[in-house]
Amino acid sequence: MKVKFAHGDVLNRGCIRQVSYQTVNGQGERVGKYANVYLPCGYDPEKPYNIFYLMHGGGGNADAWLDSCPLKNMLDRSIADGELEPLIVVTPSYYTPGTGEPGMDGEYHKTLAFQKELVEDLMPAVESAYHTYAPSADREGLHASRMHRGFGGFSMGAVTTWNAFIRNIDYIGYFMPLSGDCWAIERLGGSSQSEKTARYLHDAAVQSGYKPDEYFIYTLTGTGDIAFKQVYGQVGAMLQFPDTFVDATGFNAGNFCYHFEEGAVHAYPDVCQYVYQALPCFFKK
Ligand code: FER
């Protein structure tokens with residue numbers, strides 16, 4: 001990993017806005033929700049920006065990323081230093097009001113149900129309010145701009161990200177699962193069902209019709225992370241499909257990057273460092 005991000009003062013600060021939108025909860029009722037939207041310093045509505053959606057972990061909410069680590073300061077400083085191109089970052093939630101208390105049971109289902117909300121409700125609300133590369137905020141416009149859109153998340157947010165890869169690759173070109181595996185086969189299946197999980201992802205990628213230079217995955221975790229075993233097992237199995245998941249450093253020659261940070265644990269401050277490392281590699285195609 002390059003030098004770690006150090007939290008500190010910065011002259012050029014971006015701002016946080018909120019976008020409200022309507023969606024449908026697990027009971028089929030219309031409910032109001034919001035997501036936070038980071039706008040880079042000097043955001044100019046005349047210019048298009050890349051956009052990165054970043055999901056919280058289990059039990060979190062749309063604010064979790066912003067109040068659990070210096071995400072905003074990291075973005076401000078990375079942009080001010082010229083390491084990161086100005087972009088829009090959205091922190092939503094996969095929970096919907098009226099669907100019960102957070103908990104491991106039903107959690108996977110929520111990350112899956114969120115995939116429809118993401119494209120039909122959240123992206124249209126955000127990308128009609130702020131200027132991204134989407135020529136229109138409907139499926140067609142979102143599809144046309146997929147290489148300017150990323151999705152990442154921590155823990156259950158990583159589970160959400162693998163689901164986005166499987167369900168929403170038509171609208172997203174870049175994926176950043178952080179300290180969490182793919183549960184398509186079973187819960188924690190990255191270690192218990194490594195081979196089947198990797199094959200499932202491989203099949204999803206092939207069936208999407210996109211070539212390996214049309215989707216990018218950067219997954220990171222720490223050796224002290226409770227998700228390490230799952231992510232490590234899954235990455236090893238994915239590398240058995242080298243035509244689909246092409247091993248790369250910083251996407252130089254391939255579409256699949258991974259990093260295991262020595263000693264890092266399952267917590268926002270460590271995971272924020274991963275975003276710092278990986279985000280500058282996005283949106284280069
Ligand atoms: C993992 C993926 C998700 C993991 C844990 C989670 C232990 C989520 C945990 C939670 O929300 O409590 O690989 O490893």
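Throughout these legends, contact means heavy atoms within 4.5 Å. The model is predicted, so local features need pLDDT of at least 70 and side-chain atom pairs count only at pLDDT 80 or more, while totals for chains, interfaces and linings use all residues. Residues are numbered from 1 along each chain as its sequence is written, and side-chain values use heavy atoms, with hydrogens and water left out.

**View 1. Ala137 sits in the loop between α3 (107-129) and α4 (139-144).** Helices here are DSSP runs of H or I with at least four residues, strands are runs of E with at least two, and both are numbered from the N terminus. Leaving aside neighbours within four places in sequence, Ala137 is in contact with Pro124, Glu127, Ser128 and Leu142. Pro124 is 13 residues from Ala137 along the chain, and their C-alpha atoms are separated by 4.6 Å.

**View 2. Strand β6 (residues 174-178) is mostly covered, with 5 of its 5 residues buried.** Buried means under 20% relative accessible area, exposed over 50%, and partly exposed in between, using a 1.4 Å probe and protein chains only. Which residues point which way? Tyr174, Met176 and Leu178 point one way from β6, and Phe175 and Pro177 the other way. In a regular strand the side chains alternate between the two faces of the sheet.

**View 3. β6 pairs with β5 (residues 149-154) and with β7 (residues 216-222).** Two strands pair if DSSP finds at least two bridges between them. β5 and β6 run parallel and are joined by 5 bridges; here Gly152 has Met176 of β6 as its bridge partner. β6 and β7 also run parallel, with 3 bridges, and Phe175 stands opposite Ile217 in β7. Follow the chain from β5 through helix α5 (residues 156-167) to β6 and you trace a right-handed β-α-β unit. Right-handed means that, with the strands pointing away from the viewer, the path from the first strand over the helix to the second runs clockwise.

**View 4. Asn255 lies in the loop between α8 (228-238) and β8 (256-261).** Is this residue buried or exposed? Asn255 is buried, with a relative accessible area of 1%. A polar atom of the Asn255 side chain lies 2.9 Å from the backbone oxygen of Pro212, and one lies 2.7 Å from the backbone nitrogen of Val246. Beyond four places in sequence, the residues that Asn255 touches include Tyr215, Phe216, Ile217 and Thr244.

**View 5. Ser155, Met156, Asp181, Ile226 and Gln230 come nearest of the 12 residues around the ligand.** A residue counts as near a molecule if one of its heavy atoms lies within 4 Å of it.

**View 6. Helix α2 (residues 71-80) is mostly covered, with 7 of its 10 residues buried.** Among them are Leu71, Met74, Leu75 and Ile79. Their cover includes β3 (50-55), β4 (87-91) and α9 (268-278). Just after α2, Gly82 takes a positive phi of about 80°.

Technical notes: A polar contact is a pair of N or O atoms within 3.5 Å; within protein, one must be able to donate a hydrogen and the other to accept it, and residues adjacent in sequence count only if both atoms are side-chain atoms.
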